[in-house]
Amino acid sequence: MNVNQSIPPVPPFGQPQPVYPGYHQSSYSGQSGSTAPAIPYGAYNGPVPGYQQTLPQGISRAPPSSGAPPASTAQAACGQVAYGQFGQGDVQNGPSSTVQMQRLPGSQPFGSPLAPVGSQPAVLQPYGPPPTSAQVTAQLAGMQISGAVAPAPPSSGLGYGPPTSLASASGSFPNSGLYGSYPQGQASPVSQAQGHPRIQTPQRSAPSQASSFTPPASGGPRLPSMTGPLLPGQGFGGPSVSQPNHVSSPPPQALPPGTQITGPLGPPPPMHSPQQPGYQPQQNGSFGSTRGPQPNYGSPYPAAPTFGSQPGPPQPLPPKRLDPDAIPSPQLNELPPQQKTRHRIDPDAIPSPIQVIEDDRNNRGTEPFVTGVRGQVPPLVTTNFLVKDQGNASPRYIRCTSYNIPCTSDMAKQAQVPLAAVIKPLARLPPDEASPYVVDHGESGPLRCNRCKAYMCPFMQFIEGGRRFQCCFCSCINDVPPQYFQHLDHTGKRVDAYDRPELSLGSYEFLATVDYCKNNKFPSPPAFIFMIDVSYNAIRTGLVRLLCEELKSLLDFLPREGGAEESAIRVGFVTYNKVLHFYNVKSSLAQPQMMVVSDVADMFVPLLDGFLVNVNESRAVITSLLDQIPEMFADTRETETVFVPVIQAGMEALKAAECAGKLFLFHTSLPIAEAPGKLKNRDDRKLINTDKEKTLFQPQTGAYQTLAKECVAQGCCIDLFLFPNQYVDVATLSVVPQLTGGSVYKYACFQVENDQERFLSDLRRDVQKVVGFDAVMRVRTSTGIRAVDFFGAFYMSNTTDVELAGLDGDKTVTVEFKHDDRLNEESGALLQCALLYTSCAGQRRLRIHNLALNCCTQLADLYRNCETDTLINYMAKFAYRGVLNSPVKAVRDTLITQCAQILACYRKNCASPSSAGQLILPECMKLLPVYLNCVLKSDVLQPGAEVTTDDRAYVRQLVTSMDVAETNVFFYPRLLPLTKSPIESTTEPPAVRASEERLSNGDMYLLENGLNLFLWVGASVQQGVVQSLFSVSSFSQITSGLSVLPVLDNPLSKKVRGLIDSLRAQRSRYMKLIVVKQEDKLEMLFKHFLVEDKSLSGGASYVDFLCHMHKEIRQLLS
Ligand SMILES: [Zn+2]
């Protein structure tokens, strides 16, 4: 080895990587057990170009990698929206009792310290005497733990004046609002456009690779006609037709199995005359045939009215109210069975998400995905597969809407396929995949292109015997520094290429030099500050007690670096209502000390020394504090809270300590106390479907954005835990978490007994997860395309740098690209995502992800290499941001138009000529309509009456930083039958489509969407099954709304509980179980997630939407 100095002592590959050690619980942080950094770090210092760059210029060059992109399928599911809780109480913040405590003008020591004060006067005492010297009389009052036993938190109705009617709605299905407020015509794009209740009967026909259907010609009812026998091996890539959920695609024409999309599809299938009045059941298998009533399913519910095929009378209108009680089931049964089922399109004849997912699992789940080949479409997010990094970033880090980009912007405009990448820079990896290697170039720092500042990567081309390299992004020729020189082999490759991660891998890390640090100073380890609302509601619900108890043990599990014995993260504590209480927990103190700051208008931190401490050193004092907090405020009657000053205080504390960090805020109510950021209740459901609806998503005041900017500058990330009993204005409160890369959790009508498991589980995971602090992300591209738009939880002060006060392994940033020049088929296109961040131990690092894509001059290549799940991720984020500025209906229309254009372009340019009556979808996009429909009828874009404004803002904010797997299951939930598979089977049962038709009343199903988890129990489930699972003797004895299954020692109980655990382990947030009985009122809530059905809020059924989409496409083509 020559001058190279940074070669690790051991070959870098095949050894454990340094990572963020998690806590040993494997369920948190998937990367436990990693060991110390593999590479010794060199000295820091030495000049390195700054992080800020200019855009690449010049001409792109061919990267070394090559290879043809395999065609591939893509897709998975999306579903309906939901949040953790439903139902909001209608409680006000509570009458501000006249006995309200006085606010103090200044900071002042907590008078009679923490002695638990039994009665009211005592509580007031601390705040009582107006401070003589306002401000910083930062004297520390010694906290004493008096032996007096503090009374338990008041139960509601103690006569304190605060809320009494609390949470009456908790757990029950809310029924606010009238369904009628959503005009029928406007509610459903389909019905609107098609003029329901006209009979629209799509017909399945030419299958082959391109999925084609024959929906009705516009204008009149058309008879579905099944022509052509089934060919083996055809259909949507799915095998047997006999499977209930299989999208059987009966090829009318004799196409060889596996025909590519581009191939001619043959003549259009014969069709019945449009005028034909009768709708005879079809005969060829299930294709195009009308479906009879579902076996085992007695009565269709109104929630999913039979799809509009009734020639005569309009369909029964959905009930006016969402109140389940208002929906008389018998009424439904009055419809004659034939009328309900006749003439409908066979749902099995349209593309099935379940089948696509299953096919991909079967076809691609068995072999590792090796990233050496440019432009490969990875397996679906729903497929379990192993990734081997051979030069391109793993799809766990980057997924693209297409892996083959049109060469020109004209082509791209014609296709309308968004070019976007969903990037998750700190994604957690499964245990059998190595985390990125850390490369240390010592004081010289990472090697970069002099012009575009791209980092050394496998695509850089070494020339002139290795003395220079040409940049693969901007073509600039750079000198190789002497210490990095290496000879080339006969192919022009450096002989040390495989010894260096940055020359052979898609993802790796560099240790950053001091030039990459703020103020040219290496950062201090970050700090966590826990800021706890101790107002009446927080105390009354038991939240404060629960939280303090949990923190005592949770603090042992702060993120650690490598094999570090203890976390480098320091902690601090603040409690607040409308004043703030800071705590000195210095290890030398016998007892914690409290300092009160009541001048919230001009927030400052009253103590520095002793506020942020090492957990182990100060353990006794911290434990004492956490014991005392619930007692101290046990009798509080303060109902008002502040919010902005709390974050301000935390941020100032980090600033004073010169470190980055995270604030964990536990907050219960609308901050109405007089202070900066004071909010008013401006919720107004009447704005829905008006031009002013967007205001519901916008923050009330600019104070929150201003504060967020300051937080970002300080590297202060905010995770917000909300426990509202009523409207808290999530749209405004989530601004700071959103812009700082933080998370928001919401537990409506929180009750310890019902919600503690979910809250504690989320909290544990959140506190323990690895975070990169004070981060900046830059995406560089080769010449011809550039990143133009960004979606996610971050802040941007210019057009290129994504600033993240914090970034964890769950957060994604979606980046959209546009052409600024012509691309070259030969050279392809390159992306390089560089994330500069501070690790949880305070180490400054750069994480680099590279990805090479193909470029095409044929549109068919684009359509063959798309990933619908990623497209939907992008489109949902695009739409969810759009509602901030545009009427929701306009946003929906934009999505529909874009989807139609994408599909029309395919039809026009890639599909073989065929009858206009056929709907032909590209194989890779055959699920685009069903998934897009799920986005369109999600609660943000088309809210049902039961969806609160806060819920919508919450979901909007959540989706913004979801990865592809999360949006997939969120928009199209998974529905798993429980008794169909053998009891001894340990694998997940195969899912069924999210439609009421798929439910058998003799079975039970689990439904999950990443946030919600239901167990639906059919009314005719066998008694033995009921007994085994619920320990009651009959269906009627099962408690509706149950959230915990009894632990019973029998195979079924074990299996179901095990499956629930397994589903929860797959998701980043804890899903609380809700048991729903068939025909019970909670069932309405459950049905909200059956996304293939028509929704009560007017959302189209899948079949309806497909017809509508077909009509739109035909319009575009004519
Ligand atoms: Zn360059």
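Is the crossing of α18 and α21 left-handed or right-handed? In this predicted model, in which local features need pLDDT of at least 70, side-chain atom pairs count only at pLDDT 80 or more, and totals for chains, interfaces and linings use all residues, the crossing of these two helices is left-handed. Residues are numbered from 1 along each chain as its sequence is written, and side-chain values use heavy atoms, with hydrogens and water left out.

Helices (H or I, at least four residues) and strands (E, at least two) are DSSP runs, numbered from the N terminus. A crossing is called left-handed if the near helix is turned anticlockwise from the far one by less than a right angle, and right-handed if clockwise. The axes of α18 (residues 868–882) and α21 (residues 949–960) come within 9 Å and cross at roughly 140°, where axes are lines fitted to C-alpha atoms, for helices over the stretch in contact, and angles run from 0 to 180 degrees between N-to-C directions. The helices α18 and α21 are therefore oblique to each other, given that angles under 35 degrees count as roughly parallel, over 145 as roughly antiparallel, 65 to 115 as roughly perpendicular and the rest as oblique. Ala876, Lys877, Tyr880 and Arg881 of α18 meet Val955, Arg956, Val959 and Thr960 of α21, contact meaning heavy atoms within 4.5 Å. These residues divide into four nonpolar, one polar and three charged; Ala, Val, Leu, Ile, Met, Phe, Trp, Tyr, Cys and Pro count as nonpolar, Asp, Glu, Lys and Arg as charged, and the others, Gly among them, as polar.

A second pair is formed by α12 (residues 644–656) and α13 (residues 703–714), whose axes come within 10 Å and cross at roughly 20°, which makes α12 roughly parallel to α13. The crossing of α12 with α13 is left-handed, and the residues in contact include Ile647, Met651 and Leu654 of α12 together with Tyr704 and Leu707 of α13. By class, this contact has seven nonpolar, two polar and two charged residues.

The axes of α19 (residues 888–909) and α26 (residues 1102–1117) come within 8 Å and cross at roughly 60°, and α19 passes α26 in a right-handed crossing. Among the residues in this contact are Ile896, Leu903 and Arg907 of α19 and Phe1105, Met1109 and Glu1112 of α26, and the contact has 10 nonpolar, two polar and three charged residues.
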